Each structure stands twice: as structure tokens, then as C-alpha cells.
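Here is a friendly briefing to read with the model open beside you. Please look at the sequence and the structure before going on.

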Amino acid sequence: MADELERPGGEPVEQEAEPHLPSPTIWPFAFAAGVALLLVGLILNWLLAAIGAILVLVFGFLWIREATREVRRPPTAAPAPEPVSELAVDEEEEEPERYPRSVFLEMSTLGVGALIGGIVTLPALGFMVAPAFVGQGHDEVDLGPIDNFPQDQFVITTFNSKKDEGSVGRRTAFIRNNGVKNDVPSFTIISNRCAHLGCPTQPQGLPGKPKEVKSSSGTVRIIPVASVSGFQCPCHGGAYDDEGNRTAGPPVRALDRYEFLIREGNLVLGKPYSVGKVIGKSADAKIEAYRVADPGQHVDGPERYLYPPKVWIP
């Protein structure tokens, strides 16, 4: 309502009030929080990324709607309208909606700023995030005939995980032939990468004579180890039993394992996966398996809600 002043004679006079801009909102902060959740989700979990994208769209829309809303002006008192006939009211044309110049400039500034920000940010974000999702597959590795792996005995096996990486791609696994269960060969294939910081673990047993085996994946080095009681990390004291379960030290989970298959009598490694714990022994073991995680990452406990659900591999 317009402000009223009094003349010296006591008669009030109406005065136009100053326009009021929209009050500050929390939409920019909520939009920024959605962007942060989206970026974190791209690293941790696609569900978080999807939630972040939804928040960005919702709060971005609310922010734009608030920013482009016409400047609110308080209503002013107007003189009493003169009587108008119904015919004149019908003939009067409705005035088209108009936007002030300030709103047009504000919308243009926001649009140009968003365009520049996208051009600058998206390529940089792509270079930072894309390498984590491109070319991260695991090649199958032929380890040679299964006769090279004696039953109920661990063998330290060193191989090239990828043919074109040379010595950089050298990996080590502890392999035990569990015999045949239900007419299917059973193997325990444990990664030597410690679940604490990724240091190489060692089997607690008596190593035998090493030998090299030629396969389609290159040269494979195998060392039989007798009477393995578990595995030990020499870096920080992490300890595991003979199934890879953590028994002492700072590791946050069991040792990772590899999938495998038998092809034309040869043992072939598949992709690795992470393990929460192993129940049972040898061919009767049940493995609490997860998508492969980096050393130091929990895959069970309260933190498991940030990672995919577990599956049981018989």
C-alpha cells in the first residue's frame, strides 16, 4: 500500500513507495549441494550420482524461477473508479504481459554465465572422471594346464594381467587346487594385494622350487608352497588365515579373489572381486563377494550401504 503523508491542513496525500526486490533464497546453496553430491556419486556410487542429478534439476529450476520473477511492487492506492458501462468493459482489450528490462538482463546474464561455465567445466570434468570408467576392464589370463597346480597345496603364481603392459602389469595370486566337487573343478585363487594399503602379502609356509610355464598369455612363474597356515603383510602387520579372512592388523576386509574358468584343460583367470569374509573351507567355502574395491575401502559393516549389495558365490 502506498505511504500516506499529511498536508499542513490535515488532509492525507498518497506517495509512491519504493519497489522491493525478492528476498534471498536458499536455492543456490541447495543447487551447489546437489552438484557436490553428483560429483561424489560419480566416484562412489551411481545411485548417489542419480540423486545428485535430480537435486540439481529441481533446485536449479527453483533458483531460475525465483531469479526471473518480476520485481514485486507494492500496490498503490488508486482513486475510486468511475462508473463504466458493461459495453465499455467488454470492448476493452487486455494489456499483454510485460517484463521489465532488469529481468531480461538478469536472464541473459544467467544464461551466458551458465554457457561459459559449461564450456569450461565439462571438458575438464570429463578428463578427470572419464579415465576411472574407460579402459578399466580385466583381460583373461591363461595360467597353463591345471596339472601344474597340485591338489590341496598353494602355489604362488606370477603373471601378466595385460599383454601390452609389460612388467608394469605383473600380478601375483595364491592358487590352491581344491579337487573336484559335483564334477566341477574347484580352485581357491587369492590376490596377494593387502586389503589395507595394497602391499604384497606373503604365504606362511615352505616355498619349493620355482618354475616357468609358457601359455597363450605369456610366461607364468609358479612356486609351490607347502603347509600354508595363512598370509602375512610385511608392511603393517596385516594377517589373514588360509582362506584370506583377516585375523589381525589394520586391513578392513578379507583378501580379494579372482574368478576362474577351465578352458581346454587350462586354468584361466577372470576378473577380480573383493571379499567381505569367507565361511567354510576349500571347495565348501561360501564367499561374501562384492564388486572389486580399492585397498582400505570397507565392503561390509555400516559402510556397506555406500556399495552394491553382496552376493554369495558357492
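The notes below cover the overall build, the salt bridges and a surface patch.

This is a predicted model, in which local features need pLDDT of at least 70, side-chain atom pairs count only at pLDDT 80 or more, and totals for chains, interfaces and linings use all residues. Residues are numbered from 1 along each chain as its sequence is written, and side-chain values use heavy atoms, with hydrogens and water left out.

**Overall build**

- The protein has 4 helices and 17 strands; these are DSSP runs numbered from the N terminus, with helices being H or I of at least four residues and strands E of at least two.
- Of the 314 residues, 32% are buried, where buried means under 20% relative accessible area, exposed means over 50%, and partly exposed lies in between (1.4 Å probe, protein chains only).
- Among contacts with a separation of 6 or more, 54% are between residues 24 or more positions apart; a contact means heavy atoms within 4.5 Å.

**Salt bridges**

- The whole structure holds 7 salt bridges, each being a side-chain nitrogen of Lys or Arg within 4 Å of a carboxyl oxygen of Asp or Glu.
- One of them joins R263 and E140, at 2.8 Å from N to O.
- That pair links distant parts of the chain, 123 residues apart: R263 sits in strand β14 (residues 257-263), and E140 in the loop between α4 and β3 (141-145).
- R263 is partly exposed at 41% relative accessible area, and E140 is partly exposed at 43%.
- R257 pairs with E243, their closest N and O atoms being 2.9 Å apart.
- R257 lies in strand β14 and E243 in the loop between β12 (239-241) and β13 (246-248), so this bridge ties together parts 14 residues apart in sequence.

**A nonpolar surface patch**

- V112, L115, I116, I119 and V120 make a nonpolar surface patch of about 500 Å².
- Patches are made of residues with over 30% relative accessible area and no salt bridge, joining like charges within 9 Å and nonpolar side chains (Val, Leu, Ile, Met, Phe, Trp, Tyr) within 5 Å.
- I116 belongs to helix α4 (residues 101-129) and is partly exposed, with a relative accessible area of 49%.

Note on methods:
Areas by Shrake-Rupley, 256 points an atom, 1.4 Å probe, with all protein chains shown as cover.
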